[in-house]
Amino acid sequence: MKILEITNVDFALYHFLHPLMRQLRDQGHEVVGACAEGPLLAGVRADGFRVEPVAMARSFSPLAQARALLALIRLIRRERPDMVHVHMPISGLLGRFAAWLCGVPRVAYTCHGFLFNQPGPAWRRMLALVLEWLAGRITDIYLTVSREEARDARRLGIHRHATAIGNGRDGNVFHPDAPTRHRVRAELGAAEGDVIILAVSRLVRHKGYPELLAAMRDVQEATLWIAGERLPTDHGPDMGACLDAAGAELGPRLKRLGYRADVADLMAAADIFVLPSHFEGLPMTVIEAMLCSLPVVGSDIRGIREQIVEGVTGFCVPAGRVDALSAALGRLARNASLRCRMGDAGRQRALELFSQERVIARTAALLTRDAGDGRQGWESSPPIS
């Protein structure tokens, strides 16, 4: 079977889709990727995959989305896949409508978070819900990364067979590592007794950086490391000025690391992980942190609250609440034995529930079950000009 995997940007394809593409290829399927061009695609292409560039726009611009839709239609007509598997909210909508217009035999979608669950004006959320409902009518296989979003899809009539598959990471890559801890801390100027709080995400407002930086004023026992960058396609306020102001106030207690390919090493070197987002799907970074035996402080929102066991593997705090965030971080920063207990419990939970091997195997099985070779669908569809 030929499968076309479509997402928005190279970051998503490299970090989220690449392991699934490998699994499907190992099962004998032909797998082609498609997303906006970017430097992270080099690693996927070096692994032997063909990735077709499509100018995807992460916005509601009608003109930009019309161009992206036409580009996807041209790509699908050229590739003639047996299945189109799409990801992310906007590229997920465009990819499904393009696949339907082209008569693709099977259309699959993995939801990494609904636009109508995200903060924004009521008209935009209603539009997103209507579009998602329409797209659900033409989706054969409907997957979500979080259980809450699968329940939403079924409750709202988007798709009655929506199935939560979770997310997974490799416990052999993300794990406690004492030599790496010593090395990275020395490289970044952290003494062995320093308490390091780590945040890893794109530098955008909805990841909760203003609240996190404000909370750090009261967590004077710890240093905050921030790894990540703002993508060219990101929207909303630039966090540069906010980070600059916090740097002037926090001084050496704030270290901005930029984009890092060695996130596993950073997590091995840290003591606490934090993700105070306003909305998420089922964040990979939380799983990575748990596998590295880090206690996690995250927002009490969809996705994250499925990962953290309150008071056992970390703390869930209300999104946007600086006082609650600083209290949770401060409690962990002052209590090494609590960090150790929560970190150990988090790794055990991640190994049991968020194994990359199991999640990818289940996803591949759901995608390819009863698929046949798909050719009957193409042969019975109108000729493609």
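Predicted model: local features only at pLDDT ≥ 70, side-chain atom pairs only at ≥ 80, totals over all residues.
View 1

**View 2. Domain 1 and domain 2 touch each other.** On the side of domain 1, 22 residues are in contact, and they meet 19 residues of domain 2. About 1,800 Å² of area is buried between domain 1 and domain 2. Carbon and sulfur atoms give 52% of this buried area.

**View 3. Seven strands form an open sheet with parallel pairing.** The strands of a sheet pair through backbone hydrogen bonds. Across this sheet the order is β3-β2-β1-β4-β5-β6-β7. Which strands lie at the edges? They are β3 (50–53) and β7 (163–164), each of which pairs on one side only.

View 4. Leu 143 stands opposite Thr 163, a residue of β7.

**View 5. The largest cavity holds about 180 Å³ of space.** How many cavities of 30 Å³ or more are there? The count comes to three. The lining of the largest cavity consists of 19 residues. Nearest the centre of this cavity lie Phe 16, Ile 165, Asn 167, Met 284 and Ile 360.

**View 6. Helices and a strand contribute to the lining of the largest cavity.** α1 (10–26), β4 (83–87) and α15 (356–368) each supply at least two lining residues. By residue type, the lining divides into nine nonpolar, nine polar and one charged. The strand β4 also belongs to the open sheet of seven strands.

Methods: Residues numbered from 1 in each chain as written. Heavy atoms only, no water. 1 Å grid on protein atoms, 1.4 Å probe; cavity = no way out; pocket = protein on both sides within 12 Å on 5 of 7 lines; lining within 4 Å. Points joined across faces, edges and corners; volume = space filled by probe spheres on them. Helix = DSSP H or I, 4+ residues; strand = E, 2+ residues; numbered from the N terminus. Nonpolar A, V, L, I, M, F, W, Y, C, P; charged D, E, K, R; others polar. Pairing = 2+ DSSP bridges. Contact = heavy atoms within 4.5 Å. Buried area = accessible area lost by both parts, 1.4 Å probe.
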